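Thanks for asking me to look this one over. Please keep the model open beside you while you read my notes.

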Amino acid sequence: MDCKDAEKKIPYFLRDELDGNRLEEFVEHIENCSECREELSIQFLVSEGLERLEGGSNFNLQRELLTKMESAQRRINIHRTLWYVLICLEAAVVSAIIISLCILLRM
Ligand SMILES: [Zn+2]
């Protein structure tokens, strides 16, 4: 993903509308690109900040953005784990078929 793509996806990320590979690519880019991280910070502060100011509540937006990044990382990890489980299941099914065939052929 390049900076142009990443910038386009910032609003989707802020609305929690990215998932799976798109989320993974986005977070990976943000972690390695200080310019896009800066842009994400600004957009987050603007969108959340305005809402909070209207609500009049106390907030620590930098920490909240960090929390948001952490929860994205957790979702990526879950996605990877599911993918791994799927591959293991497939391997198990293939093994079961091969074993069944071996048994059948010996009969
Ligand atoms: Zn970038």
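Here are my points, starting with the kind of model this is and ending with single residues.

1. A word on the basis first. This is a predicted model, in which local features need pLDDT of at least 70 and side-chain atom pairs count only at pLDDT 80 or more, while totals for chains, interfaces and linings use all residues. Residues are numbered from 1 along each chain as its sequence is written.

2. The chain holds 4 helices and 0 strands; here helices (H or I, at least four residues) and strands (E, at least two) are DSSP runs, numbered from the N terminus. In sequence order the pattern reads α-α-α-α.

3. On overall shape, the radius of gyration of the chain is 21 Å, whereas a compact globule of 107 residues would be near 13 Å. That radius is taken over C-alpha atoms, and the globule rule is 2.2 Å times the number of residues to the power 0.38. Along the principal axes, the C-alpha atoms fill a box of roughly 75 × 30 × 15 Å. As one example of spacing, Glu35 and Ser95 are 60 residues apart along the chain, and their C-alpha atoms are separated by 48 Å.

4. Of the 107 residues in the chain, 9% are buried. A residue is buried if 20 or more other C-beta atoms lie within 10 Å of its own, exposed if 12 or fewer, and partly exposed in between, with C-beta atoms placed from the backbone.

5. Now look at helix 1 (residues 3-14) and helix 2 (residues 20-32), which pack at an angle of about 115 degrees with their axes 11 Å apart. Axes are lines fitted to C-alpha atoms, for helices over the stretch in contact, and angles run from 0 to 180 degrees between N-to-C directions. Ala6, Lys9 and Phe13 of helix 1 meet Phe26, His29 and Ile30 of helix 2; two residues are in contact if their C-beta atoms, placed from the backbone, lie within 7 Å. The residues of this contact comprise 4 nonpolar, 1 polar and 1 charged. For those classes, Ala, Val, Leu, Ile, Met, Phe, Trp, Tyr, Cys and Pro count as nonpolar, Asp, Glu, Lys and Arg as charged, and the others, Gly among them, as polar.

6. Which residues make up the largest nonpolar core? Its 9 residues are Ala6, Ile10, Phe13, Leu18, Leu23, Phe26, Ile30, Cys36 and Leu40. Such a core is a set of buried Ala, Val, Leu, Ile, Met, Phe, Trp, Tyr and Cys residues joined through C-beta atoms within 7 Å. Helix 1, helix 2 and helix 3 (34-55) each supply at least two residues of this core.

7. Phe26 deserves a click. This residue of helix 2 counts as buried because it has 23 C-beta neighbours inside 10 Å. Leaving aside neighbours within four places in sequence, Phe26 is in contact with Met1, Ala6, Lys9, Phe13 and Leu18. Ile30, not counting residues up to four places away, touches Ala6, Cys36, Arg37 and Leu40.

8. Is Asp16 buried or exposed? Asp16 is exposed, because 12 other C-beta atoms lie within 10 Å. Asp16 sits in the loop between helix 1 and helix 2, and its phi is near 60 degrees, a positive value in a residue other than glycine. Glu35, in helix 3, is likewise exposed, with 11 other C-beta atoms within 10 Å.
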